[in-house]
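Colleague: Please take me through how to read the surface, fold and core of a model like this one.

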Amino acid sequence: MNPLLLLLAVLPGLIVSYAIFRIDKYEREPLVPLMLCFVFGAAATVPAVSAERWVVSGMPAPPYDMAQTVVLSFIALSFIEEGAKFILLLLLAFPYKFFNEPLDGIVYAVLIAMGFATWENVAYGDRFGMHTVLVRSLTAVPAHLTFAIVQGYFTGLAKFDPPRRRLLLAFGLGLAILLHGLYDLLILQNWSKWLVVLGTVALYLCLFFCGNLIRYHLEHSPFRNNL
């Protein structure tokens, strides 16, 4: 893999990671947990891809019909990938003292997701080249960012609401799986190219809405008045 292609593959995830670090302006997170989340997020692609291949191996060869595309989108991709990232969020960040405000759920979820997306970019770039890396930078990376913000928002709420903790965690994970599955379904289906366009437009609309989730946690940060 040539250096330029490698740089283009890793740069989007690093830029997003730095941006979310800067957005957390009232009480920024220590670098070591952030780096661990990014690295383990990247490493999680290995078992996730293995699980996805196992599910796909039980399906007939493509092209897929509607039911098979739904299984591919919601089980082989969405459930496995969001589940892997959610487990890492619970293991690497959720129980610890440095997770001390709701926004931290978004920050750590995004770092995990960007590690995951970055390693995917490297793998796809090595296999398919420059064009795939550029397309994924405008589609897959924003998609992982969107799902991470949704999952992290509810994880942040759950941390500080023990009576509703399980409900909020389950809802955040379920919503991330649903959004991821719907996006993949629109992108992977072979019925209409316009549905691919719809999926891309819907992704950016969701990403715009996710800005409101970040602002909500910023506005309600317990550290806001410390500056």
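Modeller: Start with the surface: the chain exposes about 11,800 Å², and carbon and sulfur atoms supply 73% of that area. Keep in mind that this is a predicted model.

Colleague: What share of the 227 residues counts as buried?

Modeller: Buried residues make up 50% of the chain.

Colleague: How many helices and strands does the chain have?

Modeller: There are 9 helices and 0 strands. The order from the N terminus is therefore simply α-α-α-α-α-α-α-α-α. The radius of gyration is 17 Å, close to the 17 Å from the globule rule for 227 residues, so the chain is as compact as a globular protein of that length. Along the principal axes, the C-alpha atoms fill a box of roughly 55 × 45 × 30 Å.

Colleague: How should I read the contacts by sequence separation?

Modeller: Take the contacts between residues at least 6 apart in sequence: 78% of them join residues at least 24 apart.

Colleague: And the core?

Modeller: In soluble globular proteins, nonpolar side chains tend to be buried together. Here the largest nonpolar core has 51 residues, and Ile106, Val110, Met114 and Ile149 have the most contacts inside it. Elements that give two or more residues to this core include α1 (3-23), α4 (66-92) and α9 (193-219). The largest share, 12 residues, comes from α5.

Colleague: Which residues does Ile106 touch, leaving out those up to four places away in sequence?

Modeller: Ile106 touches Ile20, Ile149, Gly152, Tyr153, Leu213, Ile214 and His217.

Colleague: What about charge?

Modeller: Compare mean positions: those of the 15 positive and 14 negative charges lie 3 Å apart.

Notes. Residues numbered from 1 in each chain as written. Predicted model: local features only at pLDDT ≥ 70, side-chain atom pairs only at ≥ 80, totals over all residues. Heavy atoms only, no water. Helix = DSSP H or I, 4+ residues; strand = E, 2+ residues; numbered from the N terminus. Rg over C-alpha atoms; globule rule 2.2 N^0.38 Å. Buried < 20%, exposed > 50% of the residue type's maximum accessible area, 1.4 Å probe, protein only. Contact = heavy atoms within 4.5 Å. Areas by Shrake-Rupley, 256 points an atom, 1.4 Å probe, with all protein chains shown as cover. Lys, Arg positive; Asp, Glu negative; His and termini not counted. Charge placed at Lys NZ, Arg CZ, Asp CG, Glu CD. Core = buried A, V, L, I, M, F, W, Y, C linked by side-chain atoms within 4.5 Å.
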